[in-house]
Amino acid sequence: MNSKVKIGLLIVLLVIPILTFLFLKIFGSNHYTLPVYFAEDSVQVNGKYKVTKAHRVPNFNLVDQDGRQASMTPLRGSILITDFFFTRCEGICPKMSTQLTRVQEAFKNDKDVKIISFSVDPSNDNPKVLKQYASLFNADSTCWTFITGNKDSIYYLAQKGFFLTAMEDRERPLEFIHSEKLVLVDKQGWIRGYYNGTDKEEVDRMITEIKVLQQIYADR
């Protein structure tokens, strides 16, 4: 191989990474976006539709694991990961909580990311019980809140606020039918994703999409 060919190959090898970087820099931004669930209105901007109105997770007035009043109001402006569970659950709940421990670790330095776990068994899951359960999963109360309170309010919130199943199992006493889904809610209160909370790969996808959402806010 003569020297001119060698020089040519060397130039190509040096130029390709630079061109790839420039391409990704110019055209690769915002290539990964998140859907807005239950959109109600949108406008067209530069040939693309932008959601301007969507279902918003409603407010609630309940109680947290420390016996303090808990509502949606102070959570507005935060990215939320929510689930519905109960402490006596021996099936999917421990798996979901274990995965949420991973989520907590992934965002332990991000004050804008909060985890909210609602009990569908409030008659048993009082603040003391919730606090004991939280300790089993090393939940940091500054970013992971467990909530209890009025049963009808919680079931309404699950069904009408997050569009998830939550009810008592009439055939099996002390059992409750509830979803295994984790729900991602953005700073506006819009739902941006549903994920199987017992599936590590699904939770990994959620972690990635939370980071995408954070970048979308950072780019504004």
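Tutor: Gladly! Let us begin with Val183, which stands opposite Tyr194 in E11. Strand names like this one count DSSP runs from the N terminus (E, at least two residues, for a strand; H or I, at least four, for a helix). You are looking at a predicted model, where local features need pLDDT of at least 70 and side-chain atom pairs count only at pLDDT 80 or more, while totals for chains, interfaces and linings use all residues. Residues are numbered from 1 along each chain as its sequence is written, and side-chain values use heavy atoms, with hydrogens and water left out.

Student: How do you know that E10 and E11 pair?

Tutor: Two strands pair if DSSP finds at least two bridges between them. E10 and E11 have five bridges, in the antiparallel sense, so they meet that rule. Their hairpin has five residues between the strands, and Gly189 there takes a positive phi near 90 degrees.

Student: What joins E5 to E10?

Tutor: Three bridges, with the two strands running antiparallel. Within that pairing, Thr82 has Val183 of E10 as its bridge partner. Val183 also stands opposite Tyr194 on the E11 side.

Student: Why is E10 described as largely enclosed?

Tutor: Four of its five residues are buried, so the rest of the structure largely encloses E10. Buried means under 20% relative accessible area, exposed over 50%, and partly exposed in between (1.4 Å probe, protein chains only). Across the protein, buried residues make up 40% of the 220 residues.

Student: Which strands form the open sheet, and in what order?

Tutor: There are seven, in the order E4-E3-E7-E6-E5-E10-E11, with mixed pairing. Strand E4 (69-71) and strand E11 (191-196) are called edge strands because each pairs on one side only. From one strand to the next, the twist averages 35 degrees. A parallel example is E6 (residues 113-119) with E7 (residues 144-148), joined by four bridges; there, Ser117 stands opposite Phe146 in E7.

Student: What makes you say that helix H5 packs on the sheet?

Tutor: Helix H5 (residues 200-219) touches strand E5 (79-85), E6, strand E10 (181-185) and E11, where contact means heavy atoms within 4.5 Å. The direction of H5 makes about 165 degrees with that of E11; such angles run from 0 to 180 degrees between N-to-C directions, with axes fitted to C-alpha atoms, for helices over the stretch in contact. Gln214 lies in H5 and touches Ile79, Phe107, Asp110, Asp112 and Val113, leaving aside residues up to four places away in sequence. At 17% relative accessible area, Gln214 falls under the 20% limit and is therefore buried.

Student: How do you know that the buried residues of H2 are on the same side?

Tutor: They are Cys93, Met96, Ser97, Gln99, Leu100, Val103 and Gln104. These cover an arc of only 165 degrees around the axis, which puts them on the same side of H2; the arc is that of the directions from the helix axis to the C-beta atoms. An α-helix has 3.6 residues a turn, so residues three or four places apart point the same way. As for length, H2 (residues 92-106) has 15 residues and reaches 21 Å from first to last C-alpha, close to the 21 Å expected from 1.5 Å times one less than the number of residues.

Student: What is the phi of Phe38?

Tutor: Near 60 degrees, a positive value in a residue other than glycine. Most residues other than glycine have a negative phi, and most peptide bonds are trans. Phe38 is in the loop between helix H1 (3-27) and strand E1 (39-45), and its 37% relative accessible area makes it partly exposed. Phe163 also has a positive phi, about 60 degrees; it sits in the loop between helix H4 (151-161) and strand E8 (166-168) and, at 39%, counts as partly exposed.
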